Each structure stands twice: as C-alpha cells, then as structure tokens.
Amino acid sequence: YFIFTHNKKQLVNIKLIRNDMNVIADSIQEPSMLNYLEQYNLGNKYFISGRYVEAMKLLEMVDFSQLSNNQKAHLMKIHAEALFNLGNYSRIVNILTENKAYNLDDELLFLLGMSSIELGNKKIALYAFNDIIENHPNSEYQNISKLQVRVLKR
C-alpha cells in the first residue's frame, strides 16, 4: 500500500505507518500524556495516513514554542492542509491571518487563497494570490495564482 503524499511527492508505506500508529495508540491512554515531540510525530503520521481529525487533535496539543523553526513551519502546513481537507476554511483563514509572527510561504498562501475563495472573501484571496505572484516567482503555484487573480477580478 503505497501512496504519493501531497506535499512531498514521495512513496509512503501506509501499512507500516498504520501499524506504527496502532502500536503507539495502544501504548498510550491519553494523547495529552505524550510530550510535545511525540504529539508532533504522531500527529504527522496521522496526517500522512489521511486521518485528519486525529492529526488535528494531536497537532493542536503541541507546545508550539518548543518546536524548531522547521518543525513550526511543517506543523502549520500540515495543520492547514488537514483543515482544508476537512473543509474547515474559516479556521484556516483565521489561523493564517492572525499569526503575524510567521511569514507565510507559497504553499500556505495558496491554502489561504483557496480557503478565502470558498468563503467568498475576494479581498483576502487576492492578497494571497498576489503575494505568491510578487514574492514567490519560482513557486509551483505561480500560474494557478495568476489564473485565480484573473477570475477574481471579473
């Protein structure tokens, strides 16, 4: 059972991940008893296997201040992507617009733009797509951002 993950384009053995998660889940009674790194790692495994609700529960427990900058960026991405996959667009917009201390990369800007479209908020969507166009010239989201801007300006 191999799948391509959305953000890394790599093969993942889902059967091994599920077995690993089941062992971890069986060995703990309460996720809050895990330390921040165990919550982060298990949340990431849930995300990779498509178990977005479980992933979000764990990822929202993680002490953000304890993570490295790379872990913070990764946590924000998988949290936002899990929310998007669950259709919780307003939560994505709130998280990504309220977190001023973090510079959004092209992937998070794209999720912000698409979520804003789903909510009918053209202003935020245009901001996100224009930011990709202006500040991320080599982004894989460049062309679709240009198309979205054209559609939104109609």
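**Salt bridges and nonpolar core**

The side chains of Glu60 and Arg91 form a salt bridge, with N and O 2.4 Å apart. This pair links distant parts of the chain, since Glu60 sits in the loop between α3 and α4 and Arg91 in helix α5, 31 residues apart. The model is a predicted one.

Salt bridges

- Glu60 counts as partly exposed, at 40% relative accessibility.
- Arg91 is partly exposed as well, at 30%.
- Asp105 forms a salt bridge with Lys77, and the closest N and O atoms are 2.5 Å apart. Asp105 lies in the loop between α5 and α6 and Lys77 in helix α4, so this pair ties together parts that are 28 residues apart in sequence.
- Asp105 has a relative accessible area of 18%, and because buried means under 20%, Asp105 counts as buried.
- Arg51 and Glu54 meet through their side chains in a salt bridge of 3.4 Å, N to O. Arg51 is partly exposed at 26% relative accessibility, and Glu54 is partly exposed at 31%.

- In soluble globular proteins, nonpolar side chains tend to be buried together.
- The largest nonpolar core here has 35 residues, and Leu96, Leu104, Leu108 and Phe129 have the most contacts inside it. The helices that each supply at least two residues of this core are α2, α3, α4, α5, α6, α7 and α8.
- Leaving aside neighbours within four places in sequence, Phe129 is in contact with residues including Phe110, Met114, Ile117, Val149 and Leu152. Gly113, Ser145 and Gln148 are also among the contacts of Phe129.

How values were computed
Residues numbered from 1 in each chain as written. Predicted model: local features only at pLDDT ≥ 70, side-chain atom pairs only at ≥ 80, totals over all residues. Heavy atoms only, no water. Core = buried A, V, L, I, M, F, W, Y, C linked by side-chain atoms within 4.5 Å. Buried < 20%, exposed > 50% of the residue type's maximum accessible area, 1.4 Å probe, protein only. Helix = DSSP H or I, 4+ residues; strand = E, 2+ residues; numbered from the N terminus. Contact = heavy atoms within 4.5 Å. Salt bridge = Lys/Arg side-chain N within 4 Å of Asp/Glu carboxyl O.
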